[in-house]
Structures are given as structure tokens and as C-alpha cells.
Amino acid sequence: MISRGKRTGPSWRRREVVAGYAFLLPNFLGFLAFVSLPVLFSLTLSFFEWDILTAPHFAGLRNYGKLLADAKFWYYLYNTVVLMLAIPLQMAASLGLAILLDKKLRGVVFFRTIYFLPSITAGVAIYLLWMWIYNPSFGLVNYALSWFRIVGPRWLEDPAWSKPALIIMSLWAQMGGVNMILYLAALQNIPPGLYEAAAVDGVNAWQRFRHITLPLLGPTTFFILTTNLIRGFQGGFEMAYIMTQGGPAGSTTTVSYYLFQNAFEWGYMGYASAIAWVLFALVFGVTMINWKWGGRKIAY
Amino acid sequence: MFRFGPGPRRQAGAGRRNRIALRALCLAVFLAAGCGAQKRDSRTTIRIICALPTDVLPTMRALLAEFEEQNPDIRVKLELGVDYTKYQIMFVGGVPPDVMHFSGKRVLSFARRDALLNLLPFVENDKDFKADDFYPVAWQGAHRTTNTLYYIPWEGSGTVLYYNRTLFDAAGVPYPRDDWNWQDLLSACKRLTKDTDNDGRIDQAGIALTLSICNSGIPWVWQNGGRIFDEQRTHCLVNEPAAVQALEFFMDFHRKYRVTVTELSGGEGRNRNELFLSGKVAMFPYLAYNISTFSKAKGLKWDVALFPKGPKRRLVRYTSSGWVIPRQSRHKREAWRLVRFLTSPDSMLRLALAGDFVPTRMSLAKSNEFDRAATPWDEKVLVRAIDDSRPLPGIYRFEEFSAIWKEELDRVVYGRAEVQDATRRIVRRVDEVLAK
């Protein structure tokens with residue numbers, strides 16, 4: 001039953017704290033039960049050599065040493081970072097779409113659904129579709145380019161074009177997704193009074209966007225950037241697994257796909273665990289930097 | 001506190017009685033269910049996991065039902081889907097099914113890790129099994145040694161050349177013949193490759209070739225007299241002149257003559273089938289596994305031919321799939337009875353006919369029952385292809401070798417390396433893997 005008592009004072013504050021922890025509890029219990037043990041197990045495994053089916057052998061820091069000297073790992077990390085260039089593009093596109101959908105237009109709900117559809121469509125379906133779109137001989141993109149007498153590139157089959165191709169595809173798939181919804185919610189939270197005051201002062205649309213909208217979207221942008229960076233470092237697995245198998249010439253192999261190959265295709269579970277922990281350290285470091293640097297830039 | 005409804009004490013008393021009656025009913029149902037469970041199935045349950053096309057499943061289910069009839073002490077539970085990642089997890093969890101469907105090239109990796117049961121004692125003590133009836137190449141693919149055998153292959157085929165008769169007719173190119181060699185293949189590919197609207201893009205490709213080691217690479221090396229590994233499997237030898245020369249010729253289909261659709265890296269088979277079905281590709285080499293798909297395609301005129309001979313000989317890859325029994329199985333004897341049943345001539349023939357597979361028993365593959373005159377493809381070709389076939393070299397870390405091979409040859413196709421450099425790198429990297 002909801003208390004109708006005072007919403008101030010130490011007892012109310014205590015109740016709030018308890019309620020807060022109560023809400024966190026299910027997630028925390030879930031983490032303890034299903035995540036913490038595998039995480040600790042993988043940390044332990046990173047000091048062992050284990051092919052899954054036979055007994056593990058202690059390897060000390062050998063897996064980490066091997067990783068630092070593994071040129072392929074650094075190349076795949078480079079691939080991962082290049083593919084993360086999609087993040088700012090996706091954020092800009094999501095913001096653009098959110099601004100359009102924020103207008104009180106007829107049929108706006110329909111368009112909102114249309115833009116959101118790719119992000120809830122099964123990844124496999126999207127990847128298969130884009131494999132055909134990118135087919136160099138019979139694909140839609142090169143067919144369209146041929147109208148302008150342009151011989152299109154070989155897209156996913158060319159190491160120079162494979163990463164841009166994946167960036168374009170993920171831009172299409174993600175720009176109308178959760179980021180757009182978050183921006184839309186944030187836009188609707190901006191007090192209209194600010195725009196009215198600015199209008200009285202005679203500011204133009206760009207100035208309104210630059211000095212009111214963008215700063216007030218700061219926390220949302222920061223949240224999206226942080227979560228997308230984390231996801232970006234872990235990303236690329238599905239695309240590589242379904243579309244390219246990491247090729248051509250390893251140009252679309254990301255750290256997560258390399259981790260999968262080592263763990264489940266080649267039986268180097270210890271090495272794969274070391275990759276996972278180095279990846280964790282990278283993600284943690286970047287998030288901390290982002291937190292420290294990005295936190296200061298937020299307007300409120 | 002919840003109540004069924006506010007009211008006088010009498011009503012509350014009736015509610016209590018209702019609740020008691022409800023609990024009694026639940027208890028009765030529970031006990032009845034328990035009594036039912038007492039009639040326990042005394043049969044031994046064994047699990048089998050396999051990946052079969054949907055068309056073949058009814059035959060498989062019927063066979064399992066017959067097996068249960070013939071073996072009243074055994075109940076068989078069928079599970080579907082072959083995924084080697086899942087298999088590994090099943091082994092680690094100690095719950096692998098008692099009989100598992102495996103591809104021949106994956107057997108060694110599990111057998112070397114002591115996960116599979118040696119089936120040789122079963123085979124040798126079973127006079128009716130008739131191991132001599134199996135193709136010798138099928139046993140080679142099963143990595144049979146004098147002391148070990150981990151896998152009983154039930155279907156297997158050698159690479160053949162699928163071709164679209166309509167495209168051949170339209171281009172006035174004669175159909176592939178048994179005496180075709182590499183040059184004949186190349187010249188047919190040139191005539192069948194078309195840029196109909198002169199926009200610089202191929203509208204119809206002569207052939208679809210993948211860069212994967214399984215589907216393309218190794219047989220070309222073999223056909224030119226080259227070797228992949230030394231006898232001890234400790235060194236890779238693809239930088240020897242015969243192998244390099246073969247790969248140069250193979251790569252020229254992609255980079256010099258441009259008569260092929262280079263399959264998308266991840267499209268292994270999917271695109272190729274689609275392109276063949278839609279008449280965009282005239283030929284491609286592959287195993288017998290596409291027969292079933294193409295036989296259902298309406299309006300497609302196609303056939304299979306022997307893969308052309310190389311400068312030294314005709315030799316294609318042989319691939320099979322079959323059954324293994326995990327060492328962890330608690331019902332090894334029952335599992336063997338099932339494997340034996342499924343690889344008996346009758347079961348093998350029924351499964352093979354249901355899915356257009358080629359049986360591993362020679363007596364069946366060469367029998368009149370298998371050579372069906374009504375099929376639009378030449379079934380004799382499928383059987384003859386086996387005569388000049390060899391399984392892929394059995395090495396423990398085949399998947400890693402395969403990934404290295406593909407990555408390096410990709411670099412050649414995209415002009416980032418010459419064949420000589422690529423093969424040198426393959427040898428260096430694969431030797432490192434073999435040394436582990």
C-alpha cells in the first residue's frame with residue numbers, strides 16, 4: 001500500500017534508498033547467479049591452455065604474452081575501431097530522424113514505426129538481405145550505380161570496401177533504433193518555454209538547435225555514446241559470422257569474432273579468455289576516459 | 001490479506017470448505033499422476049542427434065520406429081541439428097547424445113581429444129557388418145587406422161561439376177564430357193561468361209568458385225601432382241612448384257580471365273545455389289549435396305558431369321558424414337546397435353534415396369535401386385566421381401588451417417599478394433599450427 005506520509009525527512013530518504021536497492025536486487029541476483037561465475041571462470045581460464053575437451057594446463061601469463069605479440073589481434077582490433085566509425089554517423093542520423101519525428105505531423109507514428117523496424121528485425125534477415133544488395137555482379141547497389149555508368153566496387157568481396165560496406169549497412173540498420181527513441185524522448189523533455197524565449201530574442205533555427213537543443217540533449221548524447229562505444233568494441237560478430245566469415249583477407253574480422261574463432265572453432269579457450277579480458281580492459285579504459293571527459297561537457 | 005469476498009461468517013466458512021475441496025482435488029490429481037508415473041518405461045533410452053534435410057526426416061523417423069520394434073529393450077530419442085560448438089558444450093557438460101551425426105572432416109579433432117569411442121572392436125566382432133562393402137575412400141575419410149575407427153560413414157560423395165544445360169545450349173557450348181581437362185573448362189567458362197549490356201559487370205558467369213580449401217583449393221593442387229602435407233602431417237607443402245602452379249591457374253579464373261563469381265566470403269554455397277538456380281552461373285563444382293535442392297527446382301535444366309582432369313590426373317575431394325558414439329555414452333552397446341542398424345544396407349539405401357545422398361556401401365551405390373533412370377541427373381556420374389576421389393587431409397586443427405588458407409588466398413584475388421607469397425605465408429602459418 002502506498003504511504004501518503006511526508007516525502008521529506010530521514011525516514012522517507014531511508015525508504016527511498018531501500019526501494020532503490022530493492023529494484024536493483026533482481027538484476028544483481030541474476031548477475032551473481034548467471035554472470036559472475038562464468039566471468040571468474042574465464043579470468044581463471046586466461047591463465048590456462050584448454051581445448052574444451054581435455055584437462056586444462058596452467059600457462060601462467062603465456063596467453064597474454066602471445067596476445068601482445070599477435071599481429072592478427074592488433075589488425076582485428078584496428079578493424080573493430082574502424083567499424084566503430086559508424087557510431088558518430090548513427091548518432092547524427094538518429095538525432096536527425098528524431099528531430100523530424102518530433103514535429104507534429106500527420107502520420108508521424110507510421111514513420112516512427114517504419115524507421116524503428118530495421119532495429120527490431122532479426123539480424124540474420126538483414127544481413128542476408130544486404131549480402132544480396134552488395135553482390136558485385138547482381139546486387140542492387142551496383143545495379144543502381146550502373147545507371148550512371150559507374151562500375152561499382154566489389155563491396156564485401158574487396159578488403160578495401162568491406163568495412164565501409166558494413167558501416168553503411170549498420171548505419172541503415174541502427175539509425176532508427178533505440179538511439180532515435182532516446183533522442184525523441186529527450187527532445188520532448190526540452191521545455192518549450194526556452195524556444196519561445198529564444199524566438200522572442202530573434203534567434204534563427206540553427207542557433208536554436210546549436211545553443212538550446214544540442215546542449216540540453218547532452219546527457220542523452222553522453223549515454224548513447226558510452227553505451228555505443230561499449231557495444232562497438234564487442235561488436236561485429238554477427239556480421240562476420242553470417243556475411244563475411246571475417247573475410248576477405250581478414251578485413252572484417254573483429255576482436256569478438258576472433259575470440260569466437262579461438263574459443264569454439266580452434267579450441268584455444270584459454271587464449272580466447274585472455275582476449276576477452278584484454279577487450280574488457282580496453283572497454284573499461286575507454287569508458288572511464290569518456291566518463292571523465294564527456295561528463296564535464298554535459299550542460300546540466 | 002486476500003479474501004474471496006466480504007460477507008458473514010457462514011460465507012467465510014463456505015469459502016474455507018471450497019479451498020479444502022480444491023486442495024483435496026489437486027492432491028488427488030497429483031497422486032493419480034504419480035501412480036501413472038509408477039508404470040515406468042523399463043526400456044533403455046538412447047539419444048541420437050543428426051542434421052538431415054526435412055525430406056529425409058520422415059524416413060529417419062520411420063527407421064527409428066522400426067529399430068524400436070526390432071529392439072524392444074531400447075527407446076530412441078531423436079534430436080535435430082548439428083552444431084560443433086554445441087557438440088563441444090555437450091561433451092563438457094557430460095551429456096552428449098549416445099549417437100551423433102558428424103562430418104568426416106570434424107572427426108579427427110574430437111577423436112584426438114579422446115571424446116569418441118573406438119568402434120573398431122564392434123566392427124571386427126560383428127561378422128554381418130561387412131566393412132569391406134564400404135568404399136575404401138570412405139574409411140580413409142573416417143581416419144581408420146589399424147587400431148582405431150571412430151566413425152561409421154553412411155553417405156559420401158566426390159566433387160562433380162553441376163552445369164546448367166539451358167545456358168550451355170544458348171551459348172552453343174557442348175556439355176562437359178568425361179575427357180574434359182582444365183583448358184576445356186576454361187574455354188567453356190570464357191564462352192559462357194557474358195556482359196550482356198556492356199556495362200562492365202558480368203551478367204552471367206561461366207563458373208562459381210569458392211576460395212575455401214574444401215570446395216576448391218586442394219583438389220586443384222592434387223590434380224597437378226602437388227601435395228598439401230608431408231606424410232607425417234608435420235609440414236605444409238603448398239609452396240612446392242606443382243602446388244603453386246595449380247593455384248596460379250585456379251586464381252586466374254578470378255583475377256585474369258574473370259570468368260567466375262567469387263563467392264561472398266560468408267556465402268559459402270548460399271549465393272552459389274541461388275545464382276545457379278536463377279541462371280546467372282553456368283557451372284560450379286561441388287559434392288552431391290545439391291542434388292536434392294536442384295531436383296525440386298521447376299524449369300531448371302541441369303545435370304552433373306565429372307570434374308575435369310588436371311595435367312597429372314583426375315582427383316577430387318571426397319566428403320562423407322556418419323555416426324560416432326561418444327566415450328561418455330552410458331549405453332555404448334545399445335548405441336552401437338543403432339549405428340549398425342542405420343548403416344545396414346536397407347537403412348542406408350532408404351536414407352540415401354530419400355535425400356539424394358550417395359551411400360557409402362559400394363554394393364548399394366552401384367545397385368540398380370540407387371541408379372534410378374527417372375532422375376534428370378546422371379546418377380552414374382555421382383558414383384563414378386568416387387573412384388577418383390580422396391578425402392581432405394586429416395589434420396587435427398583442420399579448421400584453423402582452413403581459415404589461414406582462405407585468408408591468404410583472399411589476398412591474391414584482391415591483388416594484395418602473388419600466389420607465391422601467399423603459399424609461403426600459408427606454409428609458415430600452418431607449420432606453426434601443426435607444431436602446437
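In which sense do strand E6 and E8 of chain B pair, and over how many bridges? A few friendly notes follow, starting there.

1. Strand E6 (residues 205-209) of chain B pairs with E8(B) in the parallel sense, over two bridges. Strands pair here if DSSP finds at least two bridges between them; strands (E, at least two residues) and helices (H or I, at least four) are DSSP runs, numbered from the N terminus. B:Ile207 has B:Met283 in E8(B) as its bridge partner.

2. This is a predicted model, in which local features need pLDDT of at least 70 and side-chain atom pairs count only at pLDDT 80 or more, while totals for chains, interfaces and linings use all residues. Residues are numbered from 1 along each chain as its sequence is written, and chains are lettered from A and ligands numbered from 1 in the order in which they are written.

3. Strand E5 (residues 160-164) of chain B also pairs with E8(B), in the antiparallel sense over four bridges. Here B:Tyr162 stands opposite B:Phe284. E8(B), residues 281-286, is mostly covered, with six of its six residues buried (20 or more other C-beta atoms within 10 Å of the residue's own, C-beta atoms being placed from the backbone).

4. In helix H16 (residues 379-387) of chain B, the buried residues are B:Leu382, B:Val383, B:Ala385 and B:Ile386. Down the axis of H16(B) they fall within an arc of 150 degrees, so they line one face of the helix; the arc is that of the directions from the helix axis to the C-beta atoms.

5. At the interface, 29 residues of chain B are in contact with 26 residues of chain A (C-beta atoms, placed from the backbone, within 7 Å). H17(B) gives the largest share of chain B's side, seven residues.

Note on methods:
Two residues are in contact if their C-beta atoms, placed from the backbone, lie within 7 Å. A residue is buried if 20 or more other C-beta atoms lie within 10 Å of its own, exposed if 12 or fewer, and partly exposed in between; C-beta atoms are placed from the backbone.
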